[in-house]
Amino acid sequence: MFGLEWSQIIMTVGVLASCGLLAGFFAGLLGIGGGIIFVPVFFYVFMSVFHVSPDVAMVLATGTSLTCMIPTSITAAIAQYKRGNTNLNTIKVWAPGMLLGVLTGSLISSFYGGKWLAILFGSIMILNALNTFFRAKAKPMLDHMPNNFIQRVIAFCISFLSVMLGIGGGTLTVPVLNACGEEPHRSIGTSSAVSLFVAVPGAIVLFLTGSTPDNAPMFTIGYVSLLAAACVIPLSVLTAPFGVSIGKKISPVTLKRIFAVAMFIVSVRMIVTGIS
């Protein structure tokens, strides 16, 4: 089936199902959209199980991750909004910059993607993780958000990098909002909505503009593997509200450090894989 032995199929489905459970939980807990889990797992599965080349595997992982993040981000964003953790004014100000950044990043990723994205992903996330971990108790750099123009430039950069890396934007949004004086739980809630802005247009662009690679797994359209998405989406949607509920009971400093450790582990793995 799919050119695989049944033992391989069972193992692959198990890995993807676990990925969905963890991604949904961390999307709700940390407001990260699930991409930092989806991307490395998909990258590994496409290369190791389906024997896709690293360059193609990374682009497929990016497109599939963005697609999987749509329902996960919707679930997490709704749960965060109901708990009063979403700053709608920030979303309104950031929206134009985010949409422009997503379109630009999607097109670049579609035409010039490759395993260099894995190294870029890991490098950015390691710096982000170290900063977040060691500055968990640090005072914010600013006591308020900058003017609207600067905020839109920041939003463009966050969405541009996030869509190329197949992450929701929360991994970059949370540290930025924290640095600007936003309360950690509110930063996480707002980043859930940012992830939705990144995932929806990014997935659509990579779904429609990418030409399906010759050695892509079955049921792949553009740069989106529908097979992988079907294995992870139901479970990620199931666990996202649970992550939101748990996050409300954890102290802000602890949340920041959990977030940092998760990023660091995944990032090191991505760099090693990209280089090797």
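How many aromatic pairs does the structure hold? The structure, a predicted model, holds 4 aromatic pairs.

**View 1. Aromatic pair formed by Phe25 and Phe242.** The two rings are tilted, with 40 degrees between the planes and 5.7 Å centre to centre. Distant parts of the chain are linked by this pair: Phe25 belongs to helix α1 and Phe242 to helix α9, 217 residues apart.

**View 2. Aromatic pair formed by Phe156 and Phe160.** These rings are stacked, at 5.8 Å centre to centre and with 10 degrees between the planes. Phe156 and Phe160 are separated by about one helical turn because they are 4 residues apart in helix α6, which covers residues 148-165. Phe156 has 26% relative accessibility and therefore counts as partly exposed, whereas Phe160, at 19%, counts as buried. The cut-off that divides the two residues is 20% relative accessible area, under which a residue is buried.

**View 3. Aromatic cluster of Phe38, Phe42 and Phe46.** The three phenylalanines Phe38, Phe42 and Phe46 form one cluster.

View 4. Gln151 has a relative accessibility of 6% and so counts as buried. A polar atom of the Gln151 side chain lies 2.8 Å from the backbone oxygen of Pro146. When residues up to four places away in sequence are not counted, Gln151 touches Val93, Trp94, Met145 and Pro146.

**View 5. The largest cavity and its lining.** A search of the whole structure finds 2 cavities of 30 Å³ or more, and the largest has a volume of about 60 Å³. Its lining is made up of Gly28, Leu29, Gln80, Asn85, His185, Ile188, Gly243, Val244, Gly247, Lys248 and Leu255. Two or more lining residues come from each of helices α1 (6-30), α8 (184-209) and α9 (226-247). The greatest contribution is that of α9, with 3 residues. By residue class, the lining of the largest cavity divides into 4 nonpolar, 6 polar and 1 charged. Helices α1 and α9, which both give residues to this lining, also carry Phe25 and Phe242, respectively.

Technical notes
Residues are numbered from 1 along each chain as its sequence is written. This is a predicted model: local features need pLDDT of at least 70, side-chain atom pairs count only at pLDDT 80 or more; totals for chains, interfaces and linings use all residues. Side-chain values use heavy atoms; hydrogens and water are left out. On a 1 Å grid over the protein atoms alone, a cavity is a set of points where a 1.4 Å probe fits but cannot get out, and a pocket is an open set with protein on both sides within 12 Å along at least five of seven lines; lining residues have an atom within 4 Å of a point. Grid points are joined across faces, edges and corners, and a volume is the space filled by probe spheres set on the points. Ala, Val, Leu, Ile, Met, Phe, Trp, Tyr, Cys and Pro count as nonpolar, Asp, Glu, Lys and Arg as charged, and the others, Gly among them, as polar. Rings of Phe, Tyr and Trp (its six-membered ring) pair if their centres lie within 6.5 Å; planes under 30 degrees apart count as stacked, over 60 as edge-to-face and the rest as tilted. Buried means under 20% relative accessible area, exposed over 50%, partly exposed in between (1.4 Å probe, protein chains only). A polar contact is a pair of N or O atoms within 3.5 Å; within protein, one must be able to donate a hydrogen and the other to accept it, and residues adjacent in sequence count only if both atoms are side-chain atoms. Contact means heavy atoms within 4.5 Å.
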